[in-house]
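Please read the points below with the structure open beside you.

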Amino acid sequence: MAARSSSILRRALLYVPSSSPRMLTKSLGLTSDNITYDLEDSVTPAAKPQARTALREHLSNLRSRPPSVSELAVRVNAVSTPHALDDLTALAPLPAVDAIVLPKVNSASDLTFATDALRHLAPERHREGTGNPIKIIALIESARAIVDLREICAASPLLSGLIFAAEDFALDLSLTRTPSLSEFLYARSAIVTAARAADLPSTIDLVCTSYKGEEGLARLEEECQGGKALGFNGKQCIHPSQVETVQRLFAPSDKEVEWAVRITIADEKAASAGRGAWTLDGQMIDAPVAGKARALVDKAQRCGLDVDGLREKWKDQEPE
């Protein structure tokens with residue numbers, strides 16, 4: 001399914017308030033895997049109709065997606081509000097919309113509603129065999145959603161990823177966010193596990209609320225490293241200054257890519273010789289390790305890293 005293609009890359013998901021004409025215009029010059037135009041939290045209830053109209057005009061005038069942006073998405077309002085259907089009706093028919101970010105997904109029925117609406121509003125993109133459906137990325141914000149993750153992940157063929165909304169989750173459970181983020185460990189682990197089990201390509205971690213100065217950058221880097229260690233492959237951004245750091249830290253490191261390239265080259269030679277397990281630099285390499293290396297090399301290519309140069313450098317690598 002196109003919505004669950006392993007080629008989808010969402011290291012940074014950058015929110016842009018749709019109520020700001022200046023930010024809408026500026027967004028076209030940014031570099032980010034994903035730009036998500038926001039109609040929900042950053043827009044007051046009274047301003048939502050005007051923001052929706054402004055965003056529709058902005059997207060309608062786009063002849064093509066900016067080359068520095070891989071995906072344009074819209075965060076609509078929750079299906080429990082009177083705004084959701086208006087948002088979808090106004091924006092789903094637009095060719096420039098690649099994905100819908102659906103907030104406050106508490107149950108499978110929320111995704112069923114959005115899926116049915118998208119199929120009705122943009123039927124040409126959701127016929128059988130069509131390769132460009134509007135994808136859905138679901139925000140997980142409550143205890144109920146965590147408990148129902150299995151059903152949520154199976155609710156729609158358009159579902160393409162999960163996002164952890166830490167502030168709303170903390171509100172739901174009366175938690176206080178701490179720098180360690182330990183209070184979110186169970187929820188974050190549950191999200192990445194459920195997404196992996198459902199073969200969803202994206203698991204996008206919480207917002208880093210600090211983004212100014214050296215202290216903010218250090219906090220952002222720490223959160224990226226912690227999220228990546230838990231299994232997340234992307235992070236929400238609330239300011240353009242966060243994007244470069246997030247995309248760099250959620251891409252494979254130079255050291256990781258070099259190691260993976262060496263494994264893939266040696267594994268091809270080992271397979272030709274009928275060897276299922278072998279060693280490299282004293283470490284045993286078997287099928288799971290080789291499979292992980294191939295996946296990492298593929299991601300490195302999609303992140304724009306110089307894999308071909310490394311292949312040339314290590315073309316003579318042999319299995320030990």
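Predicted model: local features only at pLDDT ≥ 70, side-chain atom pairs only at ≥ 80, totals over all residues.

1. Residues are numbered from 1 along each chain as its sequence is written, and side-chain values use heavy atoms, with hydrogens and water left out.

2. Helix α11 (residues 254-272) and helix α12 (residues 287-302) have axes that come within 8 Å and cross at roughly 125°, the axes being lines fitted to C-alpha atoms, over the stretch in contact, with angles from 0 to 180 degrees between N-to-C directions. Helices are DSSP runs of H or I with at least four residues, and strands are runs of E with at least two, numbered from the N terminus.

3. Where α11 meets α12, the residues in α11 include V257, V261 and T264, and those in α12 include A293, R294 and V297; contact means heavy atoms within 4.5 Å.

4. Strand β5 (residues 135-140) has 6 of its 6 residues buried, where buried means under 20% relative accessible area, exposed over 50% and partly exposed in between (1.4 Å probe, protein chains only). K135, I137 and L139 lie on one side of β5, and I136, A138 and I140 on the other.

5. K104, in the loop between β4 and α4 (108-121), has a positive phi near 50° and is partly exposed, at 30% relative accessibility. S174, in the loop between α7 (166-173) and α8 (185-197), has a positive phi near 55° and is exposed, with a relative accessible area of 69%. Most residues other than glycine have a negative phi.
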